[in-house]
Amino acid sequence: MVKILENKMIVPNICTITVFAPEIAQSVKAGQFVILRVEEDGERIPLTVSDWDVEQGTITLVYLLVGKTTQRLATFTANDTLATVVGPLGNAMEIDRFGKVICIGGCYGIASIYPIAKALKEKGNQVTIIVEARSSYLLFWQKKLKSVSDQLIVITRDGSQGMPGHIGKLQTILAAPGTPPDRVIVNGCNYLMMRAAQETSPMNIKTIVSLNTLMIDGTGMCGVCRVTVNSSTKFACVDGPHFDAHEVDWDELTQRRKAYLSEESQTMRSSQAQ
Ligand SMILES: Cc1cc2nc3c(=O)[nH]c(=O)nc-3n(C[C@H](O)[C@H](O)[C@H](O)COP(=O)(O)OP(=O)(O)OC[C@H]3O[C@@H](n4cnc5c(N)ncnc54)[C@H](O)[C@@H]3O)c2cc1C
Ligand code: FES
């Protein structure tokens, strides 16, 4: 049983949850995730560890409300308990002194890019963070992100804050005078990651994405998370979740992501009817 210390909605449809998990807090590294079960008979869902506090023994996860489990999770409050939180899982993001790095986050990726940017900044990189959202009211953690970057660029689709447009604006940012970045790292929905990869590909900029495939066990046994990278099969849970974006088979990934769409919708409908 894992105790919840805080669970709240920070912007519409996105919540942050902090739980007491000292062993995970002590060993987790930027880019790793946990798999949690809200209740004993519930499904297992992977969520990235977006922040942690070793002294307090806490980890913080930021989650988008998409289906049955995330909706159920949002109903829990401080002092409630989660059935299990297993982790840290997956590989840490490669952190080195690359030079100039652009970190991009959209949706829950606005949070999961934070520890990555922080680790890169601590390593001495020049870090630019780009956050993308439909509108300014969907942005969060801007103060935190500013504290771990040299520059924070905001893109909103309705132009309510920062540059108007979507991730296609990356082209304009990359074309600005000055040396191009040595590396781009993208967290968020598959579409955002794929589009960012399309922008960096012509300039041959190394681009790393953190794939959010379907997952069950998270330990390389079930095969649900398989993806094709550089024409070979990889398991996102143990070989990833971070891969070279220019080597990912995005069409296959998009298809596999939709494999249980009707079951997920049905589960959602029946849980709402209860
Ligand atoms: C390594 C890893 C790290 C992740 N980190 C986070 C995180 O930090 N925060 C977070 O919010 N999510 C994260 N995810 C995605 C998260 O696991 C799913 O959103 C979650 O399992 C959905 O569970 P559900 O039962 O609520 O929805 P489901 O019933 O599984 O899905 C409901 C609907 O949402 C769609 N959907 C589900 N997941 C996604 C997705 N990832 N992208 C787009 N559409 C989706 C489904 O196609 C379906 O239509 C991560 C996934 C992986 C593999
Ligand atoms: S989630 Fe089962 S092999 Fe990756």
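Student: Why is serine 231 called exposed?
Tutor: Serine 231 has a relative accessible area of 74%, and exposed means over 50%, whereas buried means under 20% and partly exposed lies in between (1.4 Å probe, protein chains only), so serine 231 counts as exposed. This is a predicted model, in which local features need pLDDT of at least 70 and side-chain atom pairs count only at pLDDT 80 or more, while totals for chains, interfaces and linings use all residues. Residues are numbered from 1 along each chain as its sequence is written, chains are lettered from A and ligands numbered from 1 in the order in which they are written, and side-chain values use heavy atoms, with hydrogens and water left out.

Student: What makes the phi of serine 231 worth a remark?
Tutor: Most residues other than glycine have a negative phi, and most peptide bonds are trans. Serine 231, in contrast, has a positive phi near 65°, and its place is in the loop between β14 and β15. In that hairpin, which has two residues between the strands, asparagine 230 also takes a positive phi, near 55°.

Student: How do you know that β14 and β15 pair?
Tutor: Strands are DSSP runs of E with at least two residues, helices are runs of H or I with at least four, and both are numbered from the N terminus. Two strands pair if DSSP finds at least two bridges between them, and β14 (residues 226–229) and β15 (residues 232–235) are joined in the antiparallel sense over four bridges, with valine 229 standing opposite serine 232 in β15.

Student: What makes β6 and β7 edge strands?
Tutor: They belong to an open sheet of seven strands with antiparallel pairing, in the order β6-β1-β2-β5-β4-β3-β7. Both β6 (81–82) and β7 (84–89) have a single partner strand, so one side of each is left without a neighbour in the sheet. Further inside that order, β1 (residues 2–11) runs antiparallel to β2 (residues 14–20) and is joined to it by six bridges, with threonine 16 in β2 as the bridge partner of lysine 8.

Student: Which peptide bond is cis at proline 88, and where does proline 88 lie?
Tutor: The bond from glycine 87 to proline 88 is cis, with omega near 0°, and proline 88 has its place in strand β7. The bond from glycine 240 to proline 241 is cis too, with omega near 10°, and proline 241 sits in the loop between α7 (236–239) and β16 (242–244).

Student: Why is α3 described as largely enclosed?
Tutor: Of the 14 residues of α3, 11 are buried, so the rest of the structure largely encloses this helix. Among the buried residues are Ile110, Ile113, Tyr114, Ile116 and Leu120, and what covers the buried residues of α3 includes β4 (44–53), β8 (100–106), β9 (126–133) and α4 (142–147). As for its length, α3 (residues 109–122) reaches 20 Å from its first C-alpha to its last, close to the 20 Å expected, where the expected span is 1.5 Å times one less than the number of residues. Glycine 124, with a positive phi near 100°, follows α3.

Student: Why does tryptophan 141 count as buried?
Tutor: The relative accessibility of tryptophan 141 is 16%, so the residue falls in the buried class. Tryptophan 141 lies in the loop between β9 and α4 and has a positive phi of about 55° although it is not a glycine.

Student: What makes one space a cavity and another a pocket?
Tutor: On a 1 Å grid over the protein atoms alone, a cavity is a set of points where a 1.4 Å probe fits but cannot get out, a pocket is an open set with protein on both sides within 12 Å along at least five of seven lines, and lining residues have an atom within 4 Å of a point. The structure holds one cavity of 30 Å³ or more, and the largest cavity has a volume of about 40 Å³, a volume being the space filled by probe spheres set on the points, which are joined across faces, edges and corners. Thr213, Leu214, Val224, Arg226, Leu253, Arg256 and Arg257 line the largest cavity, and helix α8 (residues 250–257) gives the largest share of that lining, three residues.

Student: Where do residues of the lining of the second largest pocket come from?
Tutor: The second largest pocket has a volume of about 420 Å³, and of its 19 lining residues the closest to its centre are Cys107, Glu132, Ala133, Arg134 and Arg157. Both β9 and α6 (190–200) supply at least two residues of the lining, with α6 giving the most, three residues.

Conventions: Contact = heavy atoms within 4.5 Å.
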